[in-house]
Amino acid sequence: MHKSRLAGFIIDCQTNDLEAATRFWSAALGLPVRAAAEPDPLYRSLDTAADEVHLEVQQVTHPSRVHLDIEADDLEAEVRRLEKLGARRVGAVKSWYVMEAPTGQRFCVVRVQRADFNAKAHLWND
């Protein structure tokens, strides 16, 4: 058994100016940029409430798009569950998996992101 749920949305920006893209999305959504303890050169987080999905702005080399993240307490079990539903693994990146839905949308399966995960995630029988 494992748990998973929607973690958040990632705004992929094909840009050389991540700071400008982050300022745009911060202003457009009315969310301040969250200060990072250890900044990553490719990501900026917007400050959402603890019980809301996380929003990140990411610098990418592929065309701009939005993708979602699914958080799971057992990544491999969640990836296998999604594969049974028709998704396919695209690859592993750092500590997460990039997946593709049967209809072509890319998404990621990531480690647990929010403190209320255990109380609010879906329980799956592997």
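Visitor: Which residue forms a salt bridge with Glu78?

Guide: The partner of Glu78 is Arg81, and the closest N and O atoms of the pair are 2.9 Å apart. A salt bridge is counted when a side-chain nitrogen of Lys or Arg lies within 4 Å of a carboxyl oxygen of Asp or Glu. Please note that this is a predicted model, in which local features need pLDDT of at least 70, side-chain atom pairs count only at pLDDT 80 or more, and totals for chains, interfaces and linings use all residues. Residues are numbered from 1 along each chain as its sequence is written, and side-chain values use heavy atoms, with hydrogens and water left out.

Visitor: Where do Glu78 and Arg81 lie? And are they buried or exposed?

Guide: Both lie in helix 2 (residues 75–84), three residues apart, which is about one turn of the helix. Helices (H or I, at least four residues) and strands (E, at least two) are DSSP runs, numbered from the N terminus. Both Glu78 and Arg81 are buried. Buried stands for under 20% relative accessible area, exposed for over 50%, and partly exposed for values in between, with a 1.4 Å probe and protein chains only.

Visitor: How many salt bridges does the structure hold?

Guide: There are 13 salt bridges. One of them joins Arg44 to Glu19, with the closest N and O atoms 2.6 Å apart. That pair links distant parts of the chain, as Arg44 is in strand 2 and Glu19 is in helix 1 (residues 18–29), 25 residues apart. Glu19 is partly exposed, at 36% relative accessible area.

Visitor: Changing topic to cysteines. How many disulfides are there?

Guide: The structure holds zero disulfides, a disulfide being a pair of cysteine sulfur atoms within 2.5 Å.

Visitor: Now the pocket. What is the volume of the largest one?

Guide: The volume of the largest pocket is about 1,100 Å³. On a 1 Å grid over the protein atoms alone, a pocket is an open set of points where a 1.4 Å probe fits, with protein on both sides within 12 Å along at least five of seven lines; lining residues have an atom within 4 Å of a point. Grid points are joined across faces, edges and corners, and the volume is the space filled by probe spheres set on the points.

Visitor: Which residues are closest to its centre, and which strand gives the most to the lining?

Guide: Of the 44 lining residues, Ile10, Tyr43, Glu56, Asp69 and Trp96 are the closest to the centre of the largest pocket. Strand 3 gives the most to the lining, with five residues.

Visitor: Which residues make the nonpolar surface patch?

Guide: Leu6, Phe9, Val66 and Leu68 make a nonpolar patch of about 300 Å². Patches are made of residues with over 30% relative accessible area and no salt bridge: like charges are joined within 9 Å, and nonpolar side chains (Val, Leu, Ile, Met, Phe, Trp, Tyr) within 5 Å. The areas come from the Shrake-Rupley method with a 1.4 Å probe, and for residues only the protein chains shown count as cover. Strand 1 (2–13) and strand 4 (65–72) each give two or more residues to the nonpolar patch. Val66 lies in strand 4 and is exposed, at 52% relative accessible area.

Visitor: Last one: what is the phi of Lys94?

Guide: Lys94 has a positive phi of about 50°, although it is not a glycine. Most residues other than glycine have a negative phi. Lys94 lies in the loop between strand 5 and strand 6 and is exposed, with a relative accessible area of 65%.
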